[in-house]
Amino acid sequence: MPAPSHATSVLSIRTPEGVAFSYPLAGPIVRFLAWWIDALAILGINIGLSSSVAFVAAVSPDIAGAIFIIGAFIVSIGYGMFLEWIWYGQTLGKKFFGLRVIDDQALRLRGPQIIMRNLLRAIDSLPIGYAIGGAFAYWHPQCKRLGDLVGRTVVILARPEALPDLAQIAGAKYNSFRNYPHLEARLRQQVGVEMASLGLRALIRRDQLESGPRARLFARLANLYRKLVRFPDEATESLTDEQYVRNVVDSILRPKSKNPTVAPAA
Amino acid sequence: MILDLEKFARSEQPHWKELEVILSVYEGDSEPRLTLDEVRNLHYLYERASSGLNKVSAFGHEPQLQSYLEGLVARAYAAIHQTRDSSERVAILRWFRFTVPQTFRRHLRAFELAAALTLLGAILGGFALSVDPYAKEALVPSGFAHVMESPEERVAKEESIRTDQMAGQQVQFSAFLMRNNIRVSFLAMALGVAWGIFTCIILVYNGALLGMVAWDYITAGETEFLLGWLLPHGSVEIPAILIGGQAGFIIAGAVLGWGSRQSLRARFRNILDDLITLVLLIVLLLIWAGIIESFFSQYHEPLLPYSVKIFFGATQLAALFYYLLATGKDASAISHARS
């Protein structure tokens, strides 16, 4: 039986309205690393618990021992349940690696699902280091360990939820390339939508890049576009590489149109 | 057609933001109650975001915006298409009075199987000890030193005690018992995913230990001590472990899917709530058993008469099975629980 390619594993959902969306699934290795962080967190909590119990032990060693036994047990099985409940499917480790537990039909995660997937850790963690759970997750097409199978959950790579800064596309109001419609037409023909979308992505992410890499990226993109269509010097002089890319994207992806939303293609 | 992304996003952004706000409120509320207008608005915004996602997917060439919209549509989809009761609040009294006994009875065959396997183990354990006195040493774990003693020696020792030997360690001992028994029961349940094979093994082994101990004490003429020692906590602890086995067999039944045309996923969906009910029942029973074992079972005659202990244990056992088998039969409650 061939091993599934976890690099491309996704949970695809098609809604009754015909809309499709997908979640990239987390593979066993990244989940294992997240578990290590959680294991360290549990260890830390237990150390804190044992220090706290030391004060009780001064009054009653019997009660202190009981608090520690029950406390450590509750922490070991309740850590995942509690955090996945209050953080909507995340623990410390999952937060660190950008993972999230969700219902495998993308519905709301319910308490019983969280409880069951965490109780089944007793089997998944056998015989050592989540060997059974890891093996299941490796072979299962949706990277499910046994707990996920019974709880009907999957672990996904949490997507960025912030709306991208689309104002970056607008840039300067004046596009000097607009004065050369025949060259713009050639630009649309030569560069095409796919290559222009590279420039668009670079513009949207410009604020996430350091100044050095950002300058090098826009220089490479501008040179790429310059090689395909050459605009007269008066249209390009004093243009930075970034502004050059902005003009190209503007010319290709936003041709002049009466329709404010959907414009005719080049 | 090419989407003018910036203009499109500018015109749609207020609707997306409004949907985000509604979803944040909705998701943060354990029992969301929306008016009809709010529901209509939520559905309208969901459809609008879905339409936007379709456009961006087809024409936009902007994966980050597409990803944002997919996340938004997914959240709205989960909120709108959640057909189950979204409330996670449990009416504790109703759960105790109706849900627990009904759930137990719904899977009575699984419990009977667990009990039968334990009984089989007990018979095998007793038989093994009757033919080979050294079987006890081979099968009993090292932590059960008191079981390894001969019954006569143990009874003589226990009955010679005139002071409270457990003083100062009852709470810790009780906690230790609770943790261990809960762990074993969870394991018996979780091992059900391996087609129930290991659940069978755990139950037979547990039964074998019980059978060996029972045979040992009965043949030594110490039946009264045995009942007085085991009944007070065993009348709760053993059923709890059997319920753990019951839960394991429910899982095994879902894995095997005999006689069911449903998918594995649907079978797990059908049993999930019942499993949680049984798990909570196990925890409650074992907490009680741990308290009884530490504070009651460990005291013997002359400190505590065996008749009192046996009466307590037998009454408790009868009460537990009366509760599980004969209560919570109200028809309206049954339909509510099933729905």
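A residue counts as buried here if 20 or more other C-beta atoms lie within 10 Å of its own, with C-beta atoms placed from the backbone. Keep that in mind. This is a predicted model. By that cut-off, 37% of the 266 residues of chain A are buried.

Now the overall layout. Chain A has 12 helices and five strands. The chain is divided into two parts: domain 1 covers 6-157, and domain 2 covers 167-253. How far apart are the C-alpha centres of domain 1 and domain 2 of chain A? They lie 46 Å apart.

Next, contacts along the chain. Take the contacts in chain A between residues at least 6 apart in sequence. Of those, 64% join residues at least 24 apart.

On to one helix pair. Helix α1 of chain A runs over residues 28-59, and helix α2 of chain A over residues 61-86. Their axes are 9 Å apart, and they pack at an angle of about 165°. Angles over 145 degrees count as roughly antiparallel, so α1(A) and α2(A) are roughly antiparallel to each other. The crossing of α1(A) past α2(A) is right-handed.

Who makes the contact? From α1(A), the residues include D38(A), I42(A), I45(A), L49(A) and V53(A). From α2(A), they include I63(A), I67(A), F68(A), V75(A) and Y79(A). G71(A) and A72(A) of α2(A) also take part. What is the make-up of this contact, by nonpolar, polar and charged residues? There are 14 nonpolar residues, four polar and one charged.

Technical notes
Residues numbered from 1 in each chain as written. Chains lettered and ligands numbered in written order. Predicted model: local features only at pLDDT ≥ 70, side-chain atom pairs only at ≥ 80, totals over all residues. Domains from an automatic or database assignment. Axes fitted to C-alpha atoms, helices over the stretch in contact; angles between N-to-C directions. Helix = DSSP H or I, 4+ residues; strand = E, 2+ residues; numbered from the N terminus. Parallel < 35°, antiparallel > 145°, perpendicular 65-115°, else oblique. Left-handed = near helix turned anticlockwise from the far one by under 90°. Contact = placed C-beta atoms within 7 Å. Nonpolar A, V, L, I, M, F, W, Y, C, P; charged D, E, K, R; others polar. Buried ≥ 20, exposed ≤ 12 C-beta atoms within 10 Å, placed from the backbone.
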